[in-house]
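Work through the following exercises with the sequence and the model at hand. Each task is followed by a solution in steps.

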Amino acid sequence: MRLDVATPLKDARQGALLPRGLRYKSLPGLAASAAAVVVAWLIHSTVPVMPFLTVSVILGILCANLPGTSAAVEGVLQPGLVFSAKWFMRWGIVLLGLKLSLLDVAALGWKTLAIVVGIVLLTFMGTLLLGKALKLPGDQPLLLATGFSICGASAIGAMSGVTKTDHRDTVIPIALVTLCGTLAIAVLPALKGPLGLDTVQFGYWVGASVHDVGQVVATAQTAGPASLAVALIVKLTRVLMLAPMVTGAALVGRFRRRRTANGAGDTGIKLPPLIPFFVAGFMAMIILRTLGILPPVVLEAAGTVQDLLLAAALFGLGASVQVRALLQTSGRAIMAAMLSWGLIAALAFAGVHII
């Protein structure tokens, strides 16, 4: 079974973005990622209900599975696609911080903030326990829990960066969180009336339960601008949880590695940084946005660059998924994802009525 590409850039040693021996080999894959981003943007512009990042993942999966392109994905395009999946994801996460102001979070009030944080924590723990109960391999329970509770594929990319997760454990959670987030675009608006939610309540529900920011926009805008505004603030409050959750995972990882090293009598083992550079950058961008020192034109440009970087990264990750193998081997992961999706939707719905 092949769910991942080989990882020739896995050891982009000491932070070198393009190791010398791979500099030219990466160009075809980088060019393919750029072309895919353009196509995804055109599709999103033509069909706005399809989020830009979701389309990017789908294009990657198609390229990995269509007879005319799969050979190139496994061959000449591979180094550049792996580079895109790893490094563009991290820099996109850094710029994601510019979307969040702590002043907007404070404006929600302590009660709403506590409910949103509670939803994130309960979804995270519930999904983690579900994944372990279903005996998902490797870090899949952790990655599913992170993606469904916080901010979808971006959160999975951030968590896999600190846990040094094998690529095979990353692509399945990203595919599943993208699937559920895409389904939410159609399912949640259809439930607004039967559940008796008004426009603002619907915005709270969407912001607290849908995974990716683009999917939140596509879902909440169906109820109007007031719903969209509330949904985005609540969603970005969930994004704020990315830093402490990932830092906590880094702390646990350091403790385990240190204990393993001590048990083996190896005191020279190199421990990962307490706070990875992209998480530190993410927090720094939040502070910059909160201080209000960046003009709107800079924020708008940074938002565009962030979308482009994440789209290229998700195309690279999507290009490592073989649909046939995914369907044959991931029944338990699909069950865990669907149960997690139901869990966060139910918790968010209960939170709406408490608010």
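Helices (H or I, at least four residues) and strands (E, at least two) are DSSP runs, numbered from the N terminus. Residues are numbered from 1 along each chain as its sequence is written, and side-chain values use heavy atoms, with hydrogens and water left out. The model is predicted: local features need pLDDT of at least 70 and side-chain atom pairs count only at pLDDT 80 or more, while totals for chains, interfaces and linings use all residues.

**Exercise 1. The chain as a whole**

Task: State how many helices and strands the chain has, and what share of its residues is buried.

Solution. Start with the secondary structure: there are 16 helices and zero strands. Next apply the burial classes: buried means under 20% relative accessible area, exposed over 50%, and partly exposed in between (1.4 Å probe, protein chains only). Of the 355 residues in the chain, 51% are buried. Then take the surface, computed by the Shrake-Rupley method with a 1.4 Å probe, where for residues only the protein chains shown count as cover. The accessible surface is about 15,500 Å², and carbon and sulfur atoms hold 69% of that. Finally, count contacts (heavy atoms within 4.5 Å). Among contacts with a separation of 6 or more, 79% join residues 24 or more positions apart.

**Exercise 2. Helix 4**

Task: Determine the span of helix 4, locate its kink, and decide whether the helix is enclosed or open.

Solution. Helix 4 covers residues 78-96, which is 19 residues. The expected span of a helix is 1.5 Å times one less than its number of residues. From first C-alpha to last, helix 4 reaches 26 Å, close to the expected 27 Å. For the kink, the bend at a residue is the angle between axes fitted to the seven residues ending there and the seven starting there. Helix 4 has a kink of about 30° centred on S84. V82 and G29 are 53 residues apart in sequence, with 8.2 Å between their C-alpha atoms.

**Exercise 3. Aromatic rings**

Task: Count the aromatic pairs and classify F83 with F88 and F202 with W205.

Solution. Rings of Phe, Tyr and Trp (its six-membered ring) pair if their centres lie within 6.5 Å; planes under 30 degrees apart count as stacked, over 60 as edge-to-face and the rest as tilted. This rule gives four aromatic pairs. In one of them, F83 and F88 have ring centres 5.5 Å apart and planes at 80°, so the pair is edge-to-face. F83 is buried at 6% relative accessible area, whereas F88 is partly exposed at 22%. For F202 and W205, the centres are 6.4 Å apart and the planes at 65°, so this pair too is edge-to-face. F202 and W205 are three residues apart in helix 9 (residues 199-209), which separates them by about one helical turn. Both are buried, F202 at 0% and W205 at 3%. With F349, F202 and W205 form one aromatic cluster.

**Exercise 4. Helix 13**

Task: Compare the span of helix 13 with its expected value and list its buried residues.

Solution. Helix 13 (residues 277-291) has 15 residues and reaches 21 Å between its first and last C-alpha, close to the 21 Å expected. The buried residues in helix 13 are F278, V279, G281, F282, M285, I286 and T290. After helix 13 comes G292, with a positive phi near 70°.
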